[in-house]
Amino acid sequence: MARILSILIGLPLSIVAVALAVANRKSVTLSLDPFSPDAPALSVTLPLFALVFAALIVGVLAGGIVVWARQGRFRRAAREAKRELKRVTPVQQPSSTTLGLPAPRG
């Protein structure tokens, strides 16, 4: 089910991404110098689709980092609870009568 859902979402998104790349092949100049727009000191010329895809990748990475950082307290609490459970619960030694396999038939 998850594979079908992945294909149903991923295939149209891939088609849109390819269409965006084909339609926006012209080069644009990304200027990082707000004081000199005519002759920028820091500028990069690249296709528009590359700029859009780079912005999407940076956004996804930044969002992932923020979510990971905000969930740190929950991961810490889970580790502490697991450690406490191991400390409180005694380890049981398996006996010969409680093997996981059934008796042979025959």
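Is Arg87 buried or exposed, and what is its relative accessible area? In this predicted model, Arg87 has a relative accessible area of 61% and is therefore classed as exposed, the cut-off being over 50%.

**View 1. The salt bridge between Arg87 and Glu84.** The side chains of Arg87 and Glu84 meet at an N to O distance of 2.6 Å. This contact is the one salt bridge found in a search of the whole structure. Both residues belong to helix 3, which spans residues 72-88. They are three residues apart, or about one turn of the helix. Side chains of opposite charge can pair when their charged atoms come close. Whereas Arg87 is exposed, Glu84 is partly exposed, with a relative accessible area of 37%.

**View 2. Ala81 in helix 3 and its separation from Leu61.** Ala81 is placed in helix 3. With a relative accessibility of 47%, Ala81 counts as partly exposed. Between Ala81 and Leu61 the C-alpha to C-alpha distance is 30 Å. In sequence, Ala81 and Leu61 are 20 residues apart.

**View 3. A nonpolar surface patch that includes Leu13.** The residues forming this nonpolar patch are Ile4, Leu5, Leu8, Ile9 and Leu13. Together they present about 530 Å² of accessible area. Leu13 lies in helix 1, which covers residues 2-23. A relative accessible area of 57% places Leu13 in the exposed class, because exposed means over 50%.

View 4. An unreviewed UniProt entry lists residues 45-69 under "transmembrane region". In the model, this span is 88% helix and 12% strand. The C-alpha atoms at the ends of residues 45-69 are 34 Å apart.

View 5. For residues 44-88, the unreviewed UniProt entry gives the annotation "domain: Lipopolysaccharide assembly protein A".

How values were computed
Residues are numbered from 1 along each chain as its sequence is written. This is a predicted model: local features need pLDDT of at least 70, side-chain atom pairs count only at pLDDT 80 or more; totals for chains, interfaces and linings use all residues. Side-chain values use heavy atoms; hydrogens and water are left out. A salt bridge is a side-chain nitrogen of Lys or Arg within 4 Å of a carboxyl oxygen of Asp or Glu. Helices (H or I, at least four residues) and strands (E, at least two) are DSSP runs, numbered from the N terminus. Buried means under 20% relative accessible area, exposed over 50%, partly exposed in between (1.4 Å probe, protein chains only). UniProt positions are given in the numbering used here, feature names are shortened, and annotations may be inferred rather than shown by experiment. Patches are made of residues with over 30% relative accessible area and no salt bridge: like charges are joined within 9 Å, nonpolar side chains (Val, Leu, Ile, Met, Phe, Trp, Tyr) within 5 Å. Accessible areas come from the Shrake-Rupley method with a 1.4 Å probe; for residues, only the protein chains shown count as cover.
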